[in-house]
Amino acid sequence: SGFPSQVRNGLSKLGVPPEVLDFFFQWFDSSEDHPKIPEAKGAVKAIQNEAFFIPLYELHLTYGGIFRLTFGPKSFVIVSDPSIAKHILKDNSKAYSKGILAEILEFVMGKGLIPADGEVWRVRRRTIVPALHQKFVATMINLFGQATQRLCDKLDAAASEGEDVEMESLFSRLTLDIIGKAVFNYDFDSLTNDTGIIEAVYTVLREAEDRSVSPIPFWEIPIWKDISPKQKKVNEALKLVNDTLNELIAICKRMVDEEDLQFHEEYMNEEDPSILHFLVASGDDVSSKQLRDDLMTMLIAGHETSAAVLTWTFYLLSKEPTIMSKLQNEVDSVLGDRLPTIEDVKKLKYTTRVINESLRLYPQPPVLIRRSIESDFLGKYPIKRGEDIFISVWNLHRSPHHWIDADKFNPERWPLDGPNPNETNQNFSYLPFGGGPRKCVGDMFASFETVVAVAMLVRRFNFQIALGAPAVSDFIMSSLCKFLDGFEKLVAVYLIFTKQGVGTVIETAREQILTTESV
Ligand code: HEM
């Protein structure tokens, strides 16, 4: 890349800020020496007429691992190449921030771990990761089992009445119950109850989704935001959730003051093994606002993602009876009729492959969002600072360049005696939990949670799609296309996905009523 960039790198190492470098080197950057990122033309038209990931996937096949989509003054770089994804997420991660994502999530997550950047992120990450230690995750296995047991009881009742059950919202409640208890020792008990706090949590979640699809930021208009009934409801819900969190923080502080436990690496209070308790006991020196932001972030991050994974897994299983019976055989032989232990979970290898494969076909979220905060090279292409980048995990996970029969649900693609597939051993063509320093902190937790839930459910029930349920692909198209056009639609769709796991797609499955039948 020549002399100018060597000088630039030298100056950068000496501590010259990127803004200054950008200013002086703009002439070199704009010179024609470097190839330009291929531009996907006519893309807007394609996107208007189809479900968004089909044209994006097809654009990837046409334009390759990196291309640019331009809409008037705005543009996005879409990355579907494993080595460029690795460069952004891992090798040069310091050159990227969360960009648009942080802006939209601010109202609910504040400076929590997902949107946070820079020093705030570094400090919080270092504090929070130790809280999810092995002993904590092992203890959670029991919680996963008990919560799933409540769901089984509910399904038993429905099955004996011969009722159709809408599974998606039940999965959402299951994972809400689990994450509330795990993160701050709170029993939502949403599988049996409908309390104000549960409704408030869902109001806040839906608002996050709405904001990402709104063409105008209504919530920022001065008078509107105070008189609009919807905004009032959202603000009240947010207040209730925040008050509840503050109360839980206060209760926890009192407990820690009164307890007589020595803090150590695998510290855990048996009565309250929650992440919050660990943080408070570790002497985490942080404002209540920051602590609340982090708890809220984990509540959202660990909730709709896992629920979406379960929903899609059962959708896939309902279409593949052979895989379902193989799965049931494994569960019968490993588990028998008791709550799973950590040893059981490790033996449930085929169940784990089913989850691995479901996460490949329906990654949550399907796109990772970044913004460059200094200039960089993506492959052979130079980019400036301030570029919005979407890493399409969807494309990576379905690319015919990396996968045989990419669209086929085939848990056998990873041998049972081989390693668990992850971004490292699959060279960034498979990254269900991201990669690099911002990789998911809940990956182990979520893997065990979904394995326990799937195992216990298939042990008890068969699942099939109810008669008359609309086809998934039709529903995806109609629900996406009723929103906005062109650019807005693209952004909207990506953000819904990113925010809530699957957002709109989850909704598709919501209509997929599954029939339960006791076995
Ligand atoms: C980050 C996926 C469950 C907490 C991430 C990222 C992905 C992901 C892909 C990276 C985002 C990015 O790079 O932009 C998933 C999936 C889950 C799941 C598929 C369920 C199957 C959980 C759970 C928790 C959690 C249960 C909490 C206990 C977080 C946090 C981050 C994160 C705090 C941000 C980490 C950081 O930026 O340093 N997750 N996640 N996730 N996840 Fe998860």
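Where does N185 lie? In the loop between α9 (167-184) and α10 (196-213). Keep that residue in mind. We will come back to it.

Good morning, everyone. One caution before we go on. What you see above is a predicted model.

The ligand sits in the largest cavity. Which elements give two or more residues to the shell around it? They are α7 (118-128), α15 (304-319), β5 (367-372) and α20. Helix α15 gives the largest share, three residues.

How many residues surround the ligand? The count is 26. The closest are W121, R125, R370, R438 and C440. Find those five on your screen. What kinds of residue make up the shell? There are 15 nonpolar, six polar and five charged ones.

Now the iron atom of the ligand. Which residue is its only protein donor? That is C440, through its SG atom, at 2.3 Å. And where is C440 found? It is in the loop between α19 (393-398) and α20 (443-460).

Next, the oxygen atoms of the ligand. Take R125: an N or O atom in its side chain is 2.7 Å from an oxygen atom of the ligand. Take R438: a polar side-chain atom lies 2.9 Å from a ligand oxygen. And take K98: there, a polar side-chain atom lies 3.1 Å from an oxygen atom of the ligand. Remember that R125 and R438 were also on the list of closest residues.

On to aromatic rings. The model has 18 aromatic pairs. One of them joins W312 and Y315. This pair is edge-to-face, with 5.5 Å centre to centre and 80° between the planes. How far apart are the two residues along helix α15? They are three residues apart, so about one helical turn separates them.

Last topic: the backbone. First, some background. Most residues other than glycine have a negative phi, and most peptide bonds are trans.

Back to N185, then. It is not a glycine, yet its phi is positive, about 55°. Again, look for it in the loop between α9 and α10.

Now the peptide bond from Q364 to P365. Is it cis or trans? It is cis, with omega near -5°. P365 is found in the loop between α18 (349-361) and β5. And β5, you will recall, also gives two or more residues to the shell around the ligand.

That's my tour. Thank you.

Note on methods. Residues are numbered from 1 along each chain as its sequence is written. This is a predicted model: local features need pLDDT of at least 70, side-chain atom pairs count only at pLDDT 80 or more; totals for chains, interfaces and linings use all residues. Side-chain values use heavy atoms; hydrogens and water are left out. Donors are N, O and S atoms within 2.8 Å of the metal (3.2 Å for Na, K and Ca); water is not among the atoms, so sites may look incomplete. Helices (H or I, at least four residues) and strands (E, at least two) are DSSP runs, numbered from the N terminus. A residue is near a molecule or strand if one of its heavy atoms lies within 4 Å of it. A polar contact is a pair of N or O atoms within 3.5 Å; within protein, one must be able to donate a hydrogen and the other to accept it, and residues adjacent in sequence count only if both atoms are side-chain atoms. On a 1 Å grid over the protein atoms alone, a cavity is a set of points where a 1.4 Å probe fits but cannot get out, and a pocket is an open set with protein on both sides within 12 Å along at least five of seven lines; lining residues have an atom within 4 Å of a point. A molecule sits in a cavity or pocket if more than half of its atoms lie within 2 Å of its grid points. Ala, Val, Leu, Ile, Met, Phe, Trp, Tyr, Cys and Pro count as nonpolar, Asp, Glu, Lys and Arg as charged, and the others, Gly among them, as polar. Rings of Phe, Tyr and Trp (its six-membered ring) pair if their centres lie within 6.5 Å; planes under 30 degrees apart count as stacked, over 60 as edge-to-face and the rest as tilted.
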